[in-house]
Amino acid sequence: MSNRPVNHARAAEHFLEDAPHLKFHDERLWDMRQKRDAQMHMLPEWQELREEASRIKEHTLARLPEYLEQFEENAKKNGIHVHWARDGAEHNRIVGDILKAHDARSLIKSKSMVTEECDMRPYLAKRGVSVTETDLGERIQQLDDQLPSHIVVPAVHKLTSDVARIFAKDYHTDPNIRDPHLLAEAQRQAARPVILHADAGMTGGNFVVAETGTFVVCTNEGNADLSATVPNLHIATIGIERLVPRMADLGVFIRLLSRSALGSPITQYTTHFRGPQDGGEMHVVLVDNGRSTRLGMDDFWTSLKCIRCGACMNTCPVYRRSGGLSYGAVYSGPIGAIIDPTFNEHKYSTLPFASTLNGSCTNVCPVKIDIHEQLYKWRRVLVQHREMPFIKREIMHMAGKLMGQPKMYRAALRTTEASLESLPRFALYNWLNPWGKHRELPHPIKETFHDWYRKNRATPAATAPENKK
Ligand code: SF4
């Protein structure tokens, strides 16, 4: 896999050129944000729930080893096999070995971002296991050979015409179908036989309860329940940060999750898995894959509180207008921009800059992660680690120097304003000015605030020569 830094800006440009997709994406996500707001206003205790969720998560993360061991002990009592995976490779090997031990050649699975992190599908394909995604959006992305572009709605960047084209190729349906119900039915007809004959099923886990040794999966399509219960073998792949100490804590998160994600009061299916079904076998693979390292990062450990609701993505103006695939990573949007560099600082060095730092992500986050603060902190870290491109670094360095010299700064401002007024358009709008590709430069102002202040408000002392820098 290439280690070259993701060029988010260039990938976003492609997305911006496609007006129908851009409009749909922007409006669809903003609609989800508005529905989330409506749900929030229906719960007067919303802010208290956020506080409580944040407190529970921080408490759990502070005692993670203790709670993980408690979960393991209780899960084993429930008849669940518990495995530990240090990284993606170990996770894949564990899953591959479990399947091999059962001579399982086909696996149906519901959406799991952890398996995307581990790049599990290609690994299992090499071991002769066919993997079929059962979540509609995830299946569309699998057939189109793309990563999910959103953690909750993986194919949200696609129009019905795109889905019809993909299904026509793989399911031989009419490429002109534009009715989403017909497309969903086509997926249902294609998936059911695969589900009924699968050797094994896989799910993720939204929450893991230490005191009961159980876990909870929240979905809207019921596909996780089919994946877990139709085959006798159920494997659940879960990140170690998904733990909550007590069953009583769950209510806080269940009330926040779907409201924040889709603006609905609860997911259609909230299933508690307590152990294997009669005659079946259940395995839980607890995956670290860099989470322990992140837990040790003073500035970034609270990103582990994330419950993957996607609200920060829906509200982010950059994400809505650049599309999830432009981030070139498993996790996109504001949450992706703060956790992707923990996987690979060099490759994802551009992502913390794909933000206006407007703080909207932090405001909507149900577990109160200070996302925009972490984006800012990442920028500082990346500059210190010389991960910012040379030219940009030098320009920032010069701009910093200029802004540190008020006299020079004002002189430069006047020169710039004069240039904006007098230079021909081609001299201002060219490849040297990517900012101006989609925007007009601001009109020069006649009088700066500083000039106005000096003229109207400043005391003689403030305008004395020694104070005029
Ligand atoms: S960071 Fe917060 S808002 Fe974003 S996906 Fe995670 S929990 Fe949701």
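Helices here are DSSP runs of H or I with at least four residues, strands are runs of E with at least two, and both are numbered from the N terminus. The model is a predicted one, so to speak of a local feature takes a pLDDT of at least 70 and side-chain atom pairs count only at pLDDT 80 or more, while totals for chains, interfaces and linings use all residues. Residues are numbered from 1 along each chain as its sequence is written, and side-chain values use heavy atoms, with hydrogens and water left out.

A look at the empty space comes first. Rolling a probe the size of a water molecule over the atoms shows where empty space is left. On a 1 Å grid over the protein atoms alone, a cavity is a set of points where a 1.4 Å probe fits but cannot get out; a pocket is an open set with protein on both sides within 12 Å along at least five of seven lines; and lining residues have an atom within 4 Å of a point. Points are joined across faces, edges and corners, and a volume is the space filled by probe spheres set on them. By this rule there are two cavities of 30 Å³ or more.

The second largest cavity holds about 60 Å³. Its lining is made of 13 residues, with Cys316, Pro317, Ser355, Asn358 and Cys361 nearest the centre. Helix 15 and helix 17 (360-364) each supply at least two of the lining residues. Sorted by class (Ala, Val, Leu, Ile, Met, Phe, Trp, Tyr, Cys and Pro nonpolar; Asp, Glu, Lys and Arg charged; the others, Gly among them, polar), this lining has six nonpolar, seven polar and no charged residues.

The largest cavity comes to about 80 Å³. Of its 14 lining residues, Cys306, Arg308, Cys309, Cys312 and Cys365 are closest to the centre, and the lining as a whole has twelve nonpolar, one polar and one charged residues. This is also where the ligand sits, in the sense that more than half of its atoms lie within 2 Å of the grid points. Around the ligand are 13 residues, the closest being Cys306, Cys309, Gly310, Cys312 and Cys365; a residue counts as near if one of its heavy atoms lies within 4 Å. Eleven nonpolar, one polar and one charged residues make up that shell.

Next, the open space. The largest pocket has a volume of about 2,000 Å³. It is lined by 42 residues, and Ala9, Lys392, Pro434, Trp435 and Arg439 are the closest to its centre. Helix 1 (8-17), helix 15 (317-322), helix 19 (390-403) and helix 20 (406-422) are the elements giving two or more residues to this lining, with the largest share, nine residues, coming from helix 19. The lining divides into 26 nonpolar, nine polar and seven charged residues.

Now for the strands, which pair if DSSP finds at least two bridges between them. Strand 7 runs parallel to strand 4 (residues 200-203), with four bridges, and parallel to strand 10 (residues 281-287), with seven. Thr203 stands opposite Ala236, and Thr237 opposite Val285.
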